[in-house]
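Work through the exercises below with the model open in a viewer. Each task is followed by a solution in steps.

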Amino acid sequence: MADTVTAPKGLDQSASLLLTDLPVFAPATTLAQSTIPDLASIVAPKAPAVAQAPVAADDNGDDDDDSLVAAATDKLAGHVDGHAREALLAFAMKLRDIRYHRGGRAPSTGFDCSGFVRYVFLHSVGLDLPANSASQFLAGLKVKRTDMKAGDLVFFRTRGKAISHVGIYIDNGQFIHSPSAGKTVRVDSLNEAYWAKHFVGAKRPEGISKI
């Protein structure tokens with residue numbers, strides 16, 4: 001079974017501040033495929049260890065996970081001023097290039113689509129989402145495509161009629177996700193033929209609806 005993720009000590013207090021009556025964050029209007037320019041002020045450049053290769057499961061996997069969580073907690077501690085969505089995306093972008101693994105729930109094992117989304121929300125804003133994409137779809141608040149904001153979830157039907165894939169919306173039609181076997185966490189566009197064909201809609205997790 002996939003790893004069980006627990007929130008690190010010290011995150012609950014920051015998360016509670018982030019998720020109550022914070023000003024709305026307006027995401028940047030443009031975003032390059034591999035960078036988020038407006039996040040530079042709160043996020044250090046992506047660590048080479050994450051950028052160069054997927055994180056393989058080994059004896060040091062737990063230490064790697066703890067380091068990522070600790071870094072996210074430190075960032076959040078200094079940015080409880082309405083930038084929760086920005087912090088969420090910054091954390092998600094630090095996980096790029098980690099390999100896809102069905103049932104994966106942590107960097108040390110790899111991620112499947114819902115495991116990636118759940119890990120990002122839990123460790124960046126302290127919000128515990130349901131475990132799979134279908135449940136995440138049912139738990140969210142419906143959002144029109146024209147009203148999507150950074151941090152909203154985007155859903156797809158890639159197999160039959162059931163919801164089978166989820167990602168995190170960034171801006172300008174782009175989203176970050178863990179696609180499928182043999183691939184890694186990356187940024188794609190909703191306008192690409194494949195994703196446009198299978199796109200179902202967007203949902204806003206209730207925990208960030210006021211942010």
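This is a predicted model: local features need pLDDT of at least 70, side-chain atom pairs count only at pLDDT 80 or more; totals for chains, interfaces and linings use all residues.

Residues are numbered from 1 along each chain as its sequence is written, and side-chain values use heavy atoms, with hydrogens and water left out.

**Exercise 1. State how many helices and strands the protein has, and what part of its residues is buried.**

Step 1. Helices (H or I, at least four residues) and strands (E, at least two) are DSSP runs, numbered from the N terminus. The protein has seven helices and eight strands.

Step 2. Buried means under 20% relative accessible area, exposed over 50%, and partly exposed in between (1.4 Å probe, protein chains only). Of the 211 residues, 50% are buried.

**Exercise 2. Find the largest nonpolar core and the elements that supply it.**

Step 1. A nonpolar core is a set of buried Ala, Val, Leu, Ile, Met, Phe, Trp, Tyr and Cys residues joined through side-chain atoms within 4.5 Å. The largest one has 31 residues, and Phe116, Phe121, Ile168 and Ile176 have the most contacts inside it.

Step 2. Two or more residues come from each of H4, H5, strand E4 (153-156) and strand E5 (165-171). H5 gives the largest share, seven residues.

Step 3. A second, separate core has 10 residues, including Phe175 and Trp195.

Step 4. Contact means heavy atoms within 4.5 Å. Beyond its neighbours within four places in sequence, Phe116 is in contact with residues including Leu95, Ile168, Ile176 and Val185.

**Exercise 3. Describe the largest pocket by volume and lining.**

Step 1. On a 1 Å grid over the protein atoms alone, a pocket is an open set of points where a 1.4 Å probe fits, with protein on both sides within 12 Å along at least five of seven lines; lining residues have an atom within 4 Å of a point. The volume of the largest pocket is about 370 Å³.

Step 2. Its lining has 19 residues, and Tyr100, Cys113, Arg159, Ser164 and His165 lie nearest the centre. Helix H5 (113-125) and helix H7 (193-198) each supply at least two lining residues.

**Exercise 4. Is Arg96 buried or exposed, and which residue does its side chain reach?**

Step 1. Arg96 sits in the loop between helix H4 (84-93) and strand E1 (105-106). Its relative accessibility is 12%, so Arg96 counts as buried.

Step 2. The side chain of Arg96 reaches the backbone oxygen of Met93 at 3.0 Å. Arg96 and Arg186 are 90 residues apart in sequence, yet 5.5 Å apart in space, C-alpha to C-alpha.

**Exercise 5. Examine phi at Asp97 and Asn172.**

Step 1. Most residues other than glycine have a negative phi. Asp97, not a glycine, has a positive phi of about 80°, and Asn172, also not a glycine, has a positive phi of about 55°.

Step 2. Asp97 lies in the loop between H4 and E1, whereas Asn172 lies in the loop between E5 and strand E6 (174-177).

Step 3. Asp97 is partly exposed because its relative accessibility is 23%. Asn172 is partly exposed at 47%.

Key:
Grid points are joined across faces, edges and corners, and a volume is the space filled by probe spheres set on the points. A polar contact is a pair of N or O atoms within 3.5 Å; within protein, one must be able to donate a hydrogen and the other to accept it, and residues adjacent in sequence count only if both atoms are side-chain atoms.
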